[in-house]
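User: I'd like to learn how to read a protein model. Can you walk me through one?

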Amino acid sequence: MFNSARLKITAWYLLIIMIISLAFSLVIYRLLSMEIERFALAQQFRIERRFNVNELLPPPVVFDMELVNDVKNRLILNLIVINSTILLVSGVLSFFLAGRTLKPIKNMVDEQNRFISDASHEFRTPLTSLKSAMEVYLRDPKLKLSDAKQLIKENIDEVNRLQLLSDKLLKLAQFQKPNSMANFAQVTLKSIITQAVRQTKPMAKLKKIKIISQSPDLKFLANQTGLTDLLVILLDNAIKYSPEHKSIKISAKKYDGNLEISVTDHGIGIEPSEIPHIFDRFYRADSARSKINATGYGLGLSIAKKIVDIHRGQISVVSQPKKGSTFTVKIPTKFFS
Ligand code: ADP
């Protein structure tokens, strides 16, 4: 698909270049032909005038049409050679430039295809297990009401998980849109942190985890929903990957026109070999699956990364297995007093 598009764009580039080049060649040919003829006539006229003064001999004919035509033919030949060279060079250059033009579009389409196939893969497994469980129960002639109720309950849990997955995928797609930058406005750090803590508090309460927040009262330019979602993801993970009775700290500071927000937990930590992958879509570290048995789809941190990207910032993590992790977000922003 992209190869034929590349050839089409190359052909269009070439067509434009050659139209311009041929138009210029035509103008150059017309002007030079006129100049050559004018020069030959002027020479003839000067010689005739000199001979008229002397009146001894008839003036010789200098204006040789054959010579003029010969010069014109050589000019045409030179212009053909120049245009052929332009055609060749611009053909190669156009092909190269068409490739460069299409590269970001190709990357985007590849990324979208990967996204669709990853997402459908994640949906297919639970849907298949839902379907087969229902089919087995349906085929059982002695199915008891209590068993049916149990199945429905399990199915509702599975459907809730699928709903969560689709919500996360929608969020990821929302922050992937090029115009997600459009909703920037003046926000207050305290209110964003309070909102994020409020959303994660019920889960923290279940595990008897305390959330400590420390932040100056800053006003700055950001995407309010995005930044709240980002903090919810980091707090949510901190709670999810911490044992009961631990504490989590969220702190923020301002320096050199940057805002730095950190979320520190004393949870299971992350193995150094897994750190480079945790921001990838659908990546879940082994420890997350096995040790703590926390549910998730490996989408939280990739959404967080997209939100940080639209703020042109950076997200990093320092972690020690069995000790805990600190996720730090740095975003350049405009502060208001
Ligand atoms: P999810 O939590 O749904 O699995 P995320 O994208 O939020 O997906 O996180 C990716 C992986 O990074 C997690 O599976 C987990 O292994 C690791 N991780 C993220 N945050 C933490 C944390 N605070 N402590 C330990 N591991 C974490």
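Predicted model: local features only at pLDDT ≥ 70, side-chain atom pairs only at ≥ 80, totals over all residues.

User: Okay, which residues does S21 touch, not counting residues up to four places away in sequence?

Analyst: S21 touches N83 and I86. You'll find S21 in helix α1, residues 2-54. Helices here are DSSP runs of H or I with at least four residues, strands are runs of E with at least two, and both are numbered from the N terminus.

User: Is S21 buried or exposed?

Analyst: Here's the scale: buried is under 20% relative accessible area, exposed is over 50%, and partly exposed is in between, using a 1.4 Å probe and protein chains only. S21 comes out at 9%, so it counts as buried. Compare that with F96 in helix α2: its relative accessible area is 46%, so it is partly exposed. F96 and T10 are 86 residues apart in sequence, but their C-alpha atoms are 8.4 Å apart in space.

User: How do I check the span of helix α2?

Analyst: The expected span is 1.5 Å times one less than the number of residues. Helix α2 runs over residues 65-139, which makes 75 residues, so it should span 111 Å; its end C-alpha atoms are 103 Å apart, which agrees.

User: Where does α2 bend?

Analyst: For a bend, you take the angle between axes fitted to the seven residues ending at a residue and the seven starting there. In α2 that gives about 40° at K103, and a proline, P104, follows within four residues.

User: Which residues of α3 are buried?

Analyst: They are L151, N155, E158, L162, L165, L169, L172 and F175. The cover over them includes α2, α5 and α7.

User: What about the largest nonpolar core: which residues touch the most other members?

Analyst: In soluble globular proteins, nonpolar side chains tend to be buried together. A nonpolar core is a set of buried Ala, Val, Leu, Ile, Met, Phe, Trp, Tyr and Cys residues joined through side-chain atoms within 4.5 Å. The largest one here has 51 residues, and F220 and L230 touch the most other members. Helix α5, residues 224-240, gives the most to this core, with nine residues. Leaving out residues up to four places away in sequence, L230 touches A304, I307, V308, I315 and V329. F220 lies in strand β3, residues 219-222, and it is buried, with a relative accessible area of 0%.

User: At what angle do α5 and helix α7 pack?

Analyst: Axes are lines fitted to C-alpha atoms, for helices over the stretch in contact, and angles run from 0 to 180 degrees between N-to-C directions. α5 and α7 (residues 300-310) pack at about 145°, with axes 9 Å apart. Among the residues making that contact are L227, L230 and L234 of α5, plus L301, A304 and V308 of α7. Now look at helix α4, residues 189-206: it packs against α5 at about 35°, with axes 9 Å apart. Residues meeting there include I193 and V197 in α4, and L231 and L235 in α5.

User: Last one: what is phi of D256 near?

Analyst: Most residues other than glycine have a negative phi, and most peptide bonds are trans. Phi of D256 is near 45°, a positive value in a residue other than glycine. D256 is in the loop between β4 (247-255) and β5 (258-265), and it is exposed, at 71% relative accessible area. F282 also has a positive phi, near 65°. The loop between β5 and α6 (286-290) holds F282, which counts as buried at 13% relative accessibility.

Terms used
Residues numbered from 1 in each chain as written. Heavy atoms only, no water. Contact = heavy atoms within 4.5 Å.
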